[in-house]
Structure formats: structure tokens, C-alpha cells
Amino acid sequence: AKTLHSIHIGYIGLNDVQFKYTDYSAAKPATSQFKEMNLNATDLLIDSASQTDKSRFLYCKDITAELNNLSGKTLNGLYSYKMKLLKLSTRTSQLNVTGINLKPIEPDDFFRISKRDRFTVSIDSVQLNNFDFLSYHKYRTLSATNMSISNGNVAVFSKQRPKTKNKPNKKGTFPNVGIYKLKVDLKIDTVLLRHINVAYTQLNLKSHKTGTALFNNTSGRVLNLTTNAAALQKNNICPVTLTSYFMGKGKLNVAFYFNLTDKNHAYSYKGHMGPMDLTRINPAVMPMAMIKINSGKVKSFDFDIHADIHSSRGRVTLLYNDLKLTLLKPDTAKNKLKRMTIASFFANIFIIKHNNPDNEGETPRSFYVNDPREQDSPFFRRGWKTLLSGIRSCAGYSDKKEKEVKTQLADRALRKKEHKEKKAERKEKRAEKKLEKERKKQENK
């Protein structure tokens with residue numbers, strides 16, 4: 001202090017730095033190596049007052065770190081990831097990530113190693129505001145006021161597996177379970193989602209086909225996304241409100257409420273969808289439910305479901321007109337789905353409710369869902385199955401009714417077979433009598 005009064009440097013730039021970082025905070029040290037890293041510092045000032053200046057970080061007004069073309073693989077080897085640019089500014093406490101891609105290994109290899117759902121993710125940009133980078137560095141506490149995720153695609157592939165005694169419990173796919181797997185003290189007040197396309201694809205073991213449900217242009221808001229103990233004592237509910245377009249057409253508004261501390265991981269969801277042409281959902285229901293919708297117009301679709309890791313319960317109401325459908329069954333020889341002509345005729349005439357309400361002015365039908373969850377059923381499949389069972393029941397074609405129809409058709413086929421066999425037996429007896437008569441006539445001669 002007696003010799004050097006102050007140091008002031010306007011700008012410091014370090015470009016194309018190769019950086020190795022070893023983290024000893026966990027039981028096993030983790031080493032990260034970065035290439036194409038840029039560090040820029042502005043207004044470095046060291047004097048008698050700057051050490052107490054809270055607007056500075058390491059005596060600088062701003063330090064900006066940039067990582068270009070960051071890539072690697074997850075520890076389990078199932079995914080590779082890429083980020084085009086990661087940028088952190090100490091002055092704005094803003095973290096920006098652009099060009100995020102998460103790509104899984106090939107399906108055969110993936111499902112040989114894992115029984116989880118398979119995700120493919122591409123996101124244009126993620127922005128974290130008021131990011132407390134010092135707390136993250138020292139204590140692994142991820143704290144921010146808000147996060148925005150903009151423009152991207154999320155594809156989920158779920159593969160049904162044959163029923164076994166030792167089923168893996170897929171409760172980890174529930175959002176209010178999955179955030180704890182991040183193993184970080186998380187506290188983000190608000191997450192904004194903008195223009196995200198979501199595709200849920202499921203392989204049906206019965207049809208041997210994949211069906212895809214699309215939720216296009218999804219936007220919304222997530223509040224109180226946290227695993228922080230102090231924050232959870234104040235508020236343990238994470239509300240999620242979303243607006244999407246089902247199969248690109250039906251406007252869908254849905255609100256989720258996730259309990260972040262409940263031992264059964266309770267959650268609820270309530271929503272409304274506006275008018276759409278029912279034939280638009282054939283790419284999803286044909287492989288998954290083995291039903292083809294020939295005609296039908298949705299007036300409105302409403303649901304209010306309360307669920308946890310054990311079951312889903314709630315009410316589903318579908319208002320529609322002019323519903324006609326075809327029942328399908330797998331044709332393994334030709335690797336396609338074929339019509340069940342007699343069953344479809346029988347269903348359309350005697351079972352399916354073509355309108356809801358049946359007549360204008362009447363009270364519409366609703367269906368109360370009480371659907372137990374098999375422990376190997378993941379979150380996306382659980383929600384889809386619950387809503388689909390309610391939709392089928394509103395149309396008069398519940399699981400119970402489907403079994404009754406199949407039993408009746410099987411009985412009808414059996415009676416038809418028995419009738420043919422008796423007819424053939426009578427014909428054979430007549431032929432034998434005729435031969436016997438001819439034989440006696442020849443003997444008499």
C-alpha cells in the first residue's frame with residue numbers, strides 16, 4: 001500500500017484456453033476438461049476500496065466465461081450430449097446455453113442395457129437469471145430466480161415389456177421424483193417454457209406397432225421447482241401450467257400440481273381441450289388401442305385426475321358427435337393391422353355411443369377413472385393410459401365392455417363352428433345311409 005497506490009486494467013482477454021477442472025466435493029473426484037474456452041474480464045481495479053465493492057467479482061466489474069462446442073457422454077453411456085455455447089456473466093449473474101442436444105444410443109443397444117424410457121432432446125436456448133454461481137461452486141446449490149427454455153423438441157420412446165414377476169419400479173420417471181435424482185440443492189422460482197414440441201411414442205406388444213401422441217408448440221410456466229429443505233417447509237407444491245396443441249390441432253390447456261414431499265409422490269392434473277377432428281388421433285390410437293376412428297368431432301374434452309405411484313382416480317368427460325370406428329387386430333403374417341369386420345359392425349350398431357350427449361339438451365356422460373398403476377408403468381404412459389380408458393368408456397367401449405364383446409364374438413364363432421360340424425356330421429350320415437341302401441339293393445339283385 002505504501003509503494004503501489006492502485007492497479008487498473010480496462011480489459012483482459014484469454015482466448016482458446018484449454019481448461020482442466022477437478023471436483024473433490026464428492027466421494028470420488030470428477031475431472032472435466034474443456035477446450036475452446038474464452039475468458040474476458042473488464043475494468044479490473046485493485047485499490048484500498050475495491051476489495052469491499054460488492055459490485056465486483058475478483059476485483060472486476062464483469063468476468064465472462066464462454067465454452068464453445070462442449071460435448072461428452074453421460075456416465076451410464078446411454079447418451080451423448082452437445083452444447084454449442086455456454087456463457088456466464090458475473091455482472092448480470094446470467095447463464096446462457098444454446099444449441100443443446102441429448103442423443104441416445106441405438107434402440108436395440110439402449111433397451112438391452114436399460115429398462116427406462118428413451119429420450120431425445122434438442123433445445124435452442126436456455127437462460128438462467130440471477131444465478132448464484134458462487135453458491136453453486138462452493139456448496140453445489142443451484143439457485144436462480146427464473147429460467148427460460150425456448151424452442152425445441154423432446155421425444156420420448158416407451159417400450160412395453162412382457163409381464164414378469166420382478167418388475168422394475170419406474171416411479172423415478174415421475175417429475176416429483178426425478179428432480180431429486182439430480183443430487184443438487186435446487187431452487188428456481190419460475191421456469192418459462194416457450195414453443196416446445198413433445199412426441200410420446202409407445203411400442204404396443206399386442207399390435208407390434210408404435211403409436212405417437214404429439215403435443216405441438218407447448219408453452220407454459222413451472223413455479224417453485226425446488227429440492228431445498230427450507231423452501232419445501234414453506235411450500236411443497238410445484239404448479240405447472242401448460243398450453244399445447246394435441247396432434248397439432250386440438251388446443252389443450254392443462255395444470256399439474258406436484259407434491260414434492262409426499263411419500264407416495266402425489267400429483268394431480270386438470271385440463272380442457274377444445275374442438276378437433278377425431279380422425280386426427282388415429283396415428284396414436286390405432287397402434288396403442290387397436291381402434292381406427294372413421295369419423296367423429298370433439299366438442300370438448302375435460303379431465304380432473306388425482307394420482308400417485310399407486311393409482312389414478314378422477315373424472316373424464318368427452319363431448320363429441322358422429323363417432324364411428326373400426327376394431328383392429330394384428331396380422332403377423334403381413335406385419336400390419338387388419339379389420340375385424342363383424343366385430344366392428346357389432347360394436348357400431350350395438351355398443352358405441354355415437355354422440356355425447358345422446359340427444360341435444362340431455363346430461364352428457366362422464367366416466368370416473370379408478371386405475372391402479374403397475375409399478376413398471378412410467379409417468380407418460382400412465383397419464384396416456386388413464387385418459388384413454390376414460391375416453392373409451394365415455395364412448396361406451398370400456399375395458400369391461402370390450403371383454404364382453406370378445407366373449408360374445410368367441411361364443412358366436414364357437415356356435416358357428418359347432419353348427420358347421422353338426423351339419424357336416426348329418427351330411428356324412430345321409431351319405432352313409434345312401435351307400436348302405438345302394439349296397440343292399442345290389443345284394444338283393
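**Figure 1. Contact between helices H5 and H7 in the predicted model.** In this predicted model, Ala284, Val285, Met288 and Ala289 of helix H5 meet Trp384, Leu388 and Arg392 of helix H7. Sorted by residue type, the contact of H5 with H7 comprises six nonpolar residues and one charged residue, with no polar residue taking part. Two packed helices are described by the angle between their axes and the distance between the axes. For H5, which spans residues 282-289, and H7, which spans residues 379-394, the angle is about 90 degrees and the axes are 13 Å apart. Because angles of 65 to 115 degrees fall in that class, H5 is described as roughly perpendicular to H7.

Figure 2. Lysine 385 is partly exposed, at 40% relative accessibility, whereas aspartate 371 counts as buried, with a value of 11%.

**Figure 3. The salt bridge between glutamate 66 and lysine 87.** Since glutamate 66 lies in strand E3 (residues 60-73) and lysine 87 in strand E4 (residues 79-89), the pair ties together parts that are 21 residues apart in sequence. Glutamate 66 has a relative accessible area of 18% and is therefore buried, because the class is set at under 20%; lysine 87, at 32% relative accessibility, counts as partly exposed.

**Figure 4. The salt-bridge network of Asp43, Asp53 and Arg56.** Side chains of opposite charge can pair when their charged atoms come close. Here Asp43, Asp53 and Arg56 are linked in a network of salt bridges, within which the side chains of arginine 56 and aspartate 53 meet at 3.2 Å, N to O. Arginine 56 counts as buried, at 14% relative accessibility, while aspartate 53 has a relative accessible area of 28% and is partly exposed. The structure as a whole holds eleven salt bridges, including the one between arginine 56 and aspartate 53.

Conventions. Residues are numbered from 1 along each chain as its sequence is written. This is a predicted model: local features need pLDDT of at least 70, side-chain atom pairs count only at pLDDT 80 or more; totals for chains, interfaces and linings use all residues. Side-chain values use heavy atoms; hydrogens and water are left out. Axes are lines fitted to C-alpha atoms, for helices over the stretch in contact, and angles run from 0 to 180 degrees between N-to-C directions. Helices (H or I, at least four residues) and strands (E, at least two) are DSSP runs, numbered from the N terminus. Angles under 35 degrees count as roughly parallel, over 145 as roughly antiparallel, 65 to 115 as roughly perpendicular and the rest as oblique. Contact means heavy atoms within 4.5 Å. Ala, Val, Leu, Ile, Met, Phe, Trp, Tyr, Cys and Pro count as nonpolar, Asp, Glu, Lys and Arg as charged, and the others, Gly among them, as polar. A salt bridge is a side-chain nitrogen of Lys or Arg within 4 Å of a carboxyl oxygen of Asp or Glu. Buried means under 20% relative accessible area, exposed over 50%, partly exposed in between (1.4 Å probe, protein chains only).
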